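User: Hi! Could you walk me through this one? I'd like to start with how the chains meet.

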Number of protein chains: 2
Amino acid sequence: MSVTTPKGFRAAGVTAGLKASGKPDMALVVNDGPARAAAAVFTSNRVAAAPVLWSRQVISDGRVDAVILNSGGANACTGAEGFQNTHATAEKTAGALGVSAGDVVVCSTGLIGEQLPMDKVLPGVDAAAAALSADGGAEAATAIMTTDTVPKQAASTGAGYSIGGMAKGAGMLAPGLATMLVVITTDAVLEQAALDAALRQATRVTFDRTDSDGCMSTNDTVVLMSSAASGVAPEPAEFTERLTTVCADLARQLIGDAEGASHDIAVTTVNAASEADAETVSRAVARSNLFKTAIFGNDPNWGRVLSAVGTTDAVFEPEQLNVTMNGVQVCRNGGVGESRSLVDLSGREVSVVIDLNAGSETATIWTNDLTHEYVHENSAYSS
Amino acid sequence: MSVTTPKGFRAAGVTAGLKASGKPDMALVVNDGPARAAAAVFTSNRVAAAPVLWSRQVISDGRVDAVILNSGGANACTGAEGFQNTHATAEKTAGALGVSAGDVVVCSTGLIGEQLPMDKVLPGVDAAAAALSADGGAEAATAIMTTDTVPKQAASTGAGYSIGGMAKGAGMLAPGLATMLVVITTDAVLEQAALDAALRQATRVTFDRTDSDGCMSTNDTVVLMSSAASGVAPEPAEFTERLTTVCADLARQLIGDAEGASHDIAVTTVNAASEADAETVSRAVARSNLFKTAIFGNDPNWGRVLSAVGTTDAVFEPEQLNVTMNGVQVCRNGGVGESRSLVDLSGREVSVVIDLNAGSETATIWTNDLTHEYVHENSAYSS
């Protein structure tokens with residue numbers, strides 16, 4: 001159930017002293033091979049953190065030997081000094097492992113606009129390397145947590161091979177990823193191009209459709225490494241499907257632990273003219289603060305759903321819209337449907353289905369409600 | 001200081017019983033001429049309320065004799081019955097005034113998805129017509145309030161003519177307007193085409209740049225009527241400038257009374273390559289929930305400003321961005337600037353200036369912080 005579930009990987013999580021709390025704050029995942037194929041996707045935010053700028057270069061040749069991660073500081077908006085610090089972290093890791101710095105991905109998460117305390121980071125690299133273990137996945141998953149309340153791990157086993165993963169992220173979850181760091185490992189045998197295609201397809205329908213609060217981070221990274229240690233070469237389609245399952249599992253855990261949320265909401269648009277229309281409509285609803293506060297108040301306020309749908313350019317006629325909340329069709333043909341008093345929103349899981357009656361395509365965006373706890377946690381984060 | 005400041009107008013505000021609170025809930029503004037030229041802009045939400053669908057037809061010939069407004073119900077998502085109710089309201093108003101129903105604009109605000117109690121609305125029309133007075137502007141401004149805590153009025157006097165206005169709206173303030181009803185009157189002599197051009201220019205840089213919570217209403221209406229009773233024909237440019245001042249005054253009052261807000265925030269982007277870029281960047285920041293909660297917490301978290309800027313496609317280089325908060329340049333060249341401890345966010349007014357260093361264009365979006373009160377008011381609205 002972790003990044004060390006597949007054969008050929010070691011991991012560690014240690015305390016370097018970056019967090020005032022004294023909790024673990026550095027993680028290392030190493031691919032011992034025999035293969036070192038890898039793929040990655042990064043934030044599309046143009047204000048990208050130093051580790052993202054570095055790691056984009058690392059992944060360009062399709063080889064990754066290790067991923068070094070720190071919580072307790074994002075190393076974003078830190079200029080040339082910040083980039084030098086990322087470079088030094090990769091060099092230190094490479095030296096400890098006997099690999100090339102150009103094959104070491106670096107990930108950071110935490111506050112923006114502050115330099116990392118390198119006098120703690122560099123000894124932390126040594127400590128992590130010394131702690132590497134073939135069952136260190138759980139420690140690594142714990143060390144990358146920030147405001148997360150639980151570590152997030154997932155795994156799936158195919159015919160003779162497996163996929164394992166870990167993730168962190170509890171706020172700023174949005175499209176193009178978002179303060180989300182994800183490391184996925186597999187011992188399946190795949191060409192780099194197949195890994196890359198599988199990762200892009202899997203993230204497109206999972207992490208990219210996870211939109212907790214509409215905000216996009218400067219540091220998001222999802223990296224997939226293959227050791228090929230199983231000797232088993234699955235069909236790419238079967239591998240992609242399994243990888244998607246692992247990503248969906250991790251994405252679901254991220255939404256389930258989003259900062260201050262009291263509801264996990266699946267906004268599904270059906271019968272759209274295109275998948276893009278379905279995604280646009282679901283995202284517009286998922287980003288409506290009025291909708292999100294209504295769900296917090298256990299209020300099946302379908303008028304706010306329709307208001308959000310009406311801001312999009314998707315194909316639909318207003319008088320043909322239906323909205324179903326937790327199984328009750330509260331809006332029918334753009335007007336009043338079943339009684340909203342029939343809707344039970346007291347549980348954590350909420351399903352909103354918008355029927356556009358304009359085609360046959362579907363897409364779901366996973367989001368959270370907007371709560372007092374969200375306001376509290378995010379108004380106090382840096383103080 | 002009201003819609004009855006210009007000559008040729010009468011207004012009234014009465015209690016028809018639409019609000020459970022027993023507060024005034026219907027308003028009427030009548031143009032007694034001699035001219036009846038008018039212009040209007042409406043929500044761009046495709047799920048438009050019945051009164052918007054009706055009033056778009058009314059304005060198509062450029063003549064409006066009266067505007068009848070109700071709070072206590074939006075008459076949105078109410079189907080054919082809802083449209084018939086709007087029509088009946090216009091007919092009743094026309095009958096009471098001896099004008100054509102086709103020249104009566106109807107505005108509604110309140111909950112979506114419920115039919116108006118016409119047994120109260122129609123007697124309310126008669127009561128409002130009976131209460132019409134040449135100094136009834138203040139009563140009208142009070143009767144259109146929903147969650148507003150104060151009535152909003154403004155006026156400006158030129159050489160021999162004046163402009164007066166009233167507005168309501170305290171949530172869902174967003175581009176393309178938003179649960180915002182605005183009636184503006186003038187006794188200046190202007191052709192209908194000049195009125196229309198002036199209104200579009202004035203709203204483009206005022207109400208359209210007022211974005212309290214990113215949500216767009218189904219009912220927004222801004223209507224401008226000219227009686228020509230002053231006999232003075234101002235230069236269109238001078239009239240447009242004065243009209244813009246009145247609209248800006250009303251927009252500022254809307255932001256100042258936004259639901260649950262504790263800060264009024266002006267997000268200004270300067271040195272942009274285009275005005276569209278400047279507006280896009282300012283709006284992206286104004287819509288970031290992480291930025292808005294930080295301001296609520298009096299936290300000058302410029303990293304969240306840069307994160308939002310980075311999601312846009314505006315022309316800029318990340319390492320050339322500067323951010324100034326209440327006069328302190330906390331971010332310089334994309335990195336740390338002056339100490340954030342120098343920023344005082346304890347007052348209600350907040351100024352955030354983003355320098356793109358990419359041109360010479362500027363745009364400001366006015367918004368609010370995201371607070372506990374916002375969550376509270378909007379999670380309890382319909383229950």
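User: How many salt bridges cross the interface of chain B and chain A?

Analyst: The rule finds zero there, a salt bridge being a side-chain nitrogen of Lys or Arg within 4 Å of a carboxyl oxygen of Asp or Glu. Keep in mind that this is a predicted model, where local features need pLDDT of at least 70, side-chain atom pairs count only at pLDDT 80 or more, and totals for chains, interfaces and linings use all residues. Residues are numbered from 1 along each chain as its sequence is written, chains are lettered from A and ligands numbered from 1 in the order in which they are written, and side-chain values use heavy atoms, with hydrogens and water left out.

User: And how many residue pairs are in polar contact across that interface?

Analyst: Twelve, with both residues at pLDDT 80 or more. A polar contact is a pair of N or O atoms within 3.5 Å; within protein, one must be able to donate a hydrogen and the other to accept it, and residues adjacent in sequence count only if both atoms are side-chain atoms.

User: Which elements of chain B supply the side that touches chain A?

Analyst: Helix H8 (289-296), helix H9 (302-309), strand E13 (335-336) and helix H10 (372-379) of chain B each supply at least two residues. The largest share, six residues, comes from H10(B). Helices (H or I, at least four residues) and strands (E, at least two) are DSSP runs, numbered from the N terminus.

User: How much area do chain B and chain A bury between them?

Analyst: About 4,000 Å², with 57% of it on carbon and sulfur atoms. Buried area is the accessible area (1.4 Å probe) that two parts lose on being put together, summed over both. In contact terms (heavy atoms within 4.5 Å), 48 residues of chain B meet 48 residues of chain A.

User: New topic. Which residue does UniProt list as "active site"?

Analyst: The unreviewed UniProt entry lists A:Thr179. UniProt positions are given in the numbering used here, feature names are shortened, and annotations may be inferred rather than shown by experiment. A:Thr179 sits in the loop between strand E7 (162-168) and strand E8 (181-186) of chain A.

User: Is A:Thr179 buried or exposed?

Analyst: Buried, at a relative accessible area of 14%. Buried means under 20% relative accessible area, exposed over 50%, partly exposed in between (1.4 Å probe, protein chains only).
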